[in-house]
Amino acid sequence: MKVIIIEDEKPSARRLQRMLTVLNIDTETMLHSVEESIHWFQNNPHPDLIFLDIQLSDGLSFEIFEAIEIKSAVIFTTAYDEYALQAFKLNSIDYLLKPIDDDDLAKAVKKYQERLPQKQAVTLDFNDIKKLLVNPIDREYKKRFSVKVGQHLKLINIDDIECFYSENKGTYLHTTEGRNYVLDTTLELLENELEPQNFFRISRKFFVNINAIKDMVSYTNSRLQIKLNSYKDDEVIVARERVKDFKDWLE
């Protein structure tokens with residue numbers, strides 16, 4: 001099986017390459033832009049499967065389909081949920097939300113292998129897609145959250161939130177004043193609502209605000225422990241598979 005990765009963030013591309021190696025899938029080719037990808041497809045046999053980031057450094061990866069008749073199955077990788085529906089309207093096998101989880105990747109690959117797709121051209125109405133998509137560069141993120149306190153509603157500005165966390169099937173925010181409030185949402189939905197420059201999902205349990213980090217300490221199994229300014233209720237640990245991306249995010 002011939003597989004390529006198209007991803008503009010080279011550390012993320014290398015991480016995905018390592019994850020695929022664990023699944024006994026070799027990916028010798030990694031492309032990093034729309035322009036580079038178009039040139040590559042014009043001069044090379046198309047692969048069986050493409051792992052394709054939606055937002056590349058020089059535009060949306062859908063532009064590749066505008067220029068080239070792609071004859072490969074596609075698994076999209078994205079931090080933006082609203083792209084997923086359109087991805088399924090192509091001949092994609094699946095989509096993976098960043099940061100990519102090992103189990104989710106294994107399931108997507110298994111889904112591809114079980115379908116044994118016949119090669120066919122990807123059909124795409126790029127103008128319709130442009131109407132559907134919200135470019136992350138122009139995207140509006142949440143500035144405040146409303147929480148219920150007794151019979152009252154309280155507004156909390158995003159700058160006053162140290163972290164979001166899940167506990168006992170509930171989702172909470174923790175403020176710089178040391179207060180915890182329950183939210184009527186999930187961490188998965190917050191993925192699309194938080195400014196990625198300020199908030200990072202370090203594990204399945206936590207989003208942290210970069211401005212609330214007081215200290216970082218090496219932890220067991222190549223993980224990191226985060227010390228926040230006021231949150232003390234539980235250990236805040238960066239999952240091992242997210243440490244590299246977390247360090248890149250800090251810079």
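Trainee: Is Arg-15 buried or exposed?
Mentor: Arg-15 counts as buried, because its relative accessibility is 7%. Buried means under 20% relative accessible area, exposed means over 50%, and partly exposed lies in between, using a 1.4 Å probe and protein chains only. Before we go on, this is a predicted model, so local features need pLDDT of at least 70 and side-chain atom pairs count only at pLDDT 80 or more, while totals for chains, interfaces and linings use all residues. Residues are numbered from 1 along each chain as its sequence is written, and side-chain values use heavy atoms, with hydrogens and water left out.

Trainee: Got it. Where is Arg-15 found?
Mentor: Arg-15 belongs to helix 1, residues 10–22. Helices (H or I, at least four residues) and strands (E, at least two) are DSSP runs, numbered from the N terminus.

Trainee: And what is Arg-15 in contact with?
Mentor: Leaving aside neighbours within four places in sequence, Arg-15 is in contact with Pro-99, Ile-100, Glu-241 and Asp-245. Contact here means heavy atoms within 4.5 Å. With Ile-100, a polar atom of the Arg-15 side chain lies 3.0 Å from the backbone oxygen.

Trainee: Let's move to helix 5. Which of its residues are buried?
Mentor: In helix 5, the buried residues are Leu-105, Ala-108, Val-109 and Tyr-112. They are on the same side of helix 5, because they cover an arc of only 95° around the axis. That arc is taken from the directions from the helix axis to the C-beta atoms.

Trainee: Why would spaced-out residues point the same way?
Mentor: An α-helix has 3.6 residues a turn, so residues three or four places apart point the same way.

Trainee: What is exposed on the other side of helix 5?
Mentor: On that other side, Asp-103, Lys-107 and Glu-114 are exposed. At the start of helix 5, a side-chain oxygen of Asp-101 reaches to within 2.9 Å of the backbone nitrogen of Asp-103.

Trainee: How do the axes of helix 1 and helix 5 cross?
Mentor: The two axes come within 11 Å and cross at roughly 65°. The contact involves Leu-16, Met-19 and Leu-20 from helix 1, with Asp-102, Leu-105 and Val-109 from helix 5. Axes are lines fitted to C-alpha atoms, for helices over the stretch in contact, and angles run from 0 to 180 degrees between N-to-C directions.

Trainee: Now helix 2. Which residues are buried there?
Mentor: Helix 2 covers residues 34–43, and Val-34, Ser-37, Ile-38, Trp-40 and Phe-41 are buried. Seen down the axis, these buried residues fall within an arc of 165°, so they line one face of helix 2. Glu-35, His-39, Gln-42 and Asn-43 are exposed on the other side.

Trainee: What do the buried residues of helix 2 pack against?
Mentor: Their partners include strand 1 (3–6), strand 2 (29–31), strand 3 (49–53) and helix 3 (62–67).

Trainee: What caps the N-terminal end of helix 2?
Mentor: Ser-33 does, with a side-chain oxygen 3.0 Å from the backbone nitrogen of Glu-36.

Trainee: What about phi of Lys-169?
Mentor: Phi of Lys-169 is near 70°, a positive value in a residue other than glycine. Most residues other than glycine have a negative phi. Lys-169 lies in the loop between strand 10 (161–167) and strand 11, and it counts as exposed, at 91% relative accessibility. Asn-221 also has a positive phi, about 55°, although it is not a glycine. Asn-221 is in the loop between strand 15 (213–219) and strand 16, and counts as exposed at 57% relative accessibility.

Trainee: Last one: how many helices and strands are there in the protein?
Mentor: The protein has 8 helices and 17 strands. Of its 251 residues, 47% count as buried.

Notes: Polar contact = N/O pair within 3.5 Å; in protein donor to acceptor, adjacent residues only side chain to side chain.
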